[in-house]
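Subject: A structure for you to look at

Hi! Here is the structure I promised to pass on. Open it up, have a look around, and then read my notes below.

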Amino acid sequence: MREPEELQAEEDMEMEVEIEEERIQNLRSKATELLLREEYKDSIQAYSQIINLCQKNISKKNPDPIKIQKTICLAYSNRAEARARLSEFSDALKDCEEALRIDKSHFKTLLCKGKILLNLNRYSAALGCFKEANLDPQAGENSDLVNGLLVKSKKLEFLSRSGAFDVSDWILSGFKGKIPEFSEYIGAVEIKKSEISGRGLFATKNVESGTLLFVTKAVAVDRAIMPQDSGESAHLVIWKNFIDKVVESASKCNEISNLISNLSAGEDEEALEVADIGVFRPESEFNSNSSSTSGGQKLDKGRLLSILDVNSILEDAISAKVLGKNADYQGVGLWILASFINHSCDPNTRRVHIGDHVVVHAARDVKAGEELCFAYFDVLSPLNNRREMANNWGFRCKCKRCKFEESVVYKQEMREIEMALGKGVVDMGNVVYRLEEGMRRLVVRGKGKGHLRASFWEAYSRVFGSEKVMRKWGRKIPTAEAVVDSVFDAVGSDERIVKVFLEGLRRGGGGMNGVLEMEKAMKLGRGIYGKVMKKQALRRLMLQYGGVQE
């Protein structure tokens, strides 16, 4: 026979369990209400309390331990949802894993985990979650949601492997509607030590103009409409907002923090370790480990500021084109893989900004093993101007073009031409004629001609843009087509080059209707906008931004 004391203790225990169960039920109601009201931080605290209380209850004599386990599973799942809404992806993933440890087929958790993995660009893993969720009986009641997530993850997984992006419909609609979906994509590129500075990005095979090299989404970007008379304080506001966004993203996700830590802070460039390109691939093992475990590399605020100072990119830079509504804004952002691309006055890549993604492609034909370079400033300008701009960036360009032009511009006749151009002389035809004659006497051939013509592009564009000057000098200087070809081969495509070419076609009366003319126009256009659109959409952009009517 049991002692009265034992019976009393058992009754007290049962009462305590009932009280805690009631408390848990009240907390569940509160947490659910907070989640629905999108008060995510408070809901996270409430779900944490539920988890703690339930775990204490497990150690006690409880008549229904299975019920408690279900409560814990749901609390982890809902806390993961709240954390995901706050972009706290590392902690959200850990909560999903805890919930799935209790119930490996928990429908709501599988959907939550899949959506988090999509945000982390881990498309195959996300697809696996949605496929497993689709086996659950609840999938029938949520068929539209599940099927939509399956379709999206399959599409992004395919794009991340193939790079088969197409924004034609969006362009032809006048950039109306939703921005096209992009995945992360890395093509034929690798990271190696650079002769220019530190590390650089290199082509691993021969690619032609317009070939897609990679697509990546910004860690963070801040934009604002900046009037022409905006002062320094307005730019500082954008910069501060941008820094705050990067700090927040890095603090919430170990993967992002680890990727940022691979970037240069501008000191001791030669000592930097060469990162494996696989680190940046969506499905890399590195990403899988770093985003789901704690203890990622923490970034010191001072070093982070130095990294952003060196690696942040302006959307409306000389080597870039912003498509869509963001074209009306000035934006600064951090696109990690793009940060590895060094400057050259002989650039071979350009980028197109669409939403928060940057699409980087070859601006001219590129050989395997060639370093990929952006133009950090206007390279259709004379050597002395470029030196001044490079100095403002804090470096001295030592590319092959600059070295070649250094050996040429010190010739007396070249110095006189540059001085004449600087004075804004009226007869640009004479400047072009003297330059062409100077190159003939100095036996400048091939790419050297393209480089010098690019340096004095202002003179050429003004000559080819004036029918009066062309009537006077047209037979004494090269054709616009010949100049465009040589400049394109030397420094890649540019809207100003395309404009001269299209104006030449218009004056000739042919437009882009001939097969050869269309083929050449398309190659120039691909150099600017890449191969992420069909010919009709590319034609629309060339006419729109080239400022030439058909």
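How many helices and strands are there in the chain? The chain has 24 helices and 12 strands. Helices here are DSSP runs of H or I with at least four residues, strands are runs of E with at least two, and both are numbered from the N terminus.

Before you go further, a word on the source: this is a predicted model, where local features need pLDDT of at least 70, side-chain atom pairs count only at pLDDT 80 or more, and totals for chains, interfaces and linings use all residues. Residues are numbered from 1 along each chain as its sequence is written, and side-chain values use heavy atoms, with hydrogens and water left out.

**The whole chain**

Of the 550 residues in the chain, 51% are buried. Buried means under 20% relative accessible area, exposed means over 50%, and partly exposed is in between (1.4 Å probe, protein chains only).

Now find helix α18 (residues 447-455) and helix α21 (residues 480-491), which pack at an angle of about 100° with their axes 8 Å apart. The axes are lines fitted to C-alpha atoms, for helices over the stretch in contact, and the angles run from 0 to 180 degrees between N-to-C directions. That makes α18 and α21 roughly perpendicular to each other. On this scale, under 35 degrees is roughly parallel, over 145 is roughly antiparallel, 65 to 115 is roughly perpendicular, and the rest is oblique.

Which residues make the contact? From α18 they are Lys-447, Gly-450, His-451, Arg-453 and Ala-454, and from α21 they are Ala-482, Val-483, Ser-486, Val-487, Asp-489, Ala-490 and Val-491. They split into 6 nonpolar, 3 polar and 3 charged. In that sorting, Ala, Val, Leu, Ile, Met, Phe, Trp, Tyr, Cys and Pro count as nonpolar, Asp, Glu, Lys and Arg as charged, and the others, Gly among them, as polar.

Helix α18 is mostly covered, with 7 of its 9 residues buried. Those are Gly-448, Gly-450, His-451, Leu-452, Arg-453, Ala-454 and Ser-455.

**Cysteines**

How many disulfides does the structure hold? It holds 0. A disulfide is a covalent bond between the sulfur atoms of two cysteines; here, a pair of cysteine sulfur atoms has to be within 2.5 Å to count. The closest cysteine sulfur to that of Cys-129 belongs to Cys-96, and at 8.0 Å it is too far for a bond. Cys-129 is buried, at 7% relative accessibility. Cys-373 is in no disulfide either, since the nearest cysteine sulfur, that of Cys-399, is 8.3 Å away. Cys-373 is also buried, at 5% relative accessibility.

**Around strand β1**

Tyr-185 is in strand β1 (residues 185-186), and at 12% relative accessibility Tyr-185 counts as buried. Leaving out residues up to four places away in sequence, its contacts include Leu-159, Arg-161, Phe-165, Leu-212 and Phe-214.

Val-167 sits in the loop between α8 (143-162) and α9. Is Val-167 buried or exposed? Val-167 is buried, at 2% relative accessibility. Apart from neighbours within four places in sequence, Val-167 is in contact with Pro-180, Phe-182, Ile-354, Val-532 and Met-533. Val-167 and Pro-180 are 13 residues apart along the chain, and their C-alpha atoms are separated by 6.3 Å.

**Two positive phi values**

Most residues other than glycine have a negative phi. Phe-175 has a positive phi of about 65° although it is not a glycine. Phe-175 lies in the loop between α9 (168-172) and β1, and is buried, with a relative accessible area of 18%. Ser-87 also has a positive phi, near 65°. You will find Ser-87 in the loop between α3 (65-85) and α4 (89-102), where Ser-87 is partly exposed at 34% relative accessibility.

Conventions
Contact means heavy atoms within 4.5 Å.
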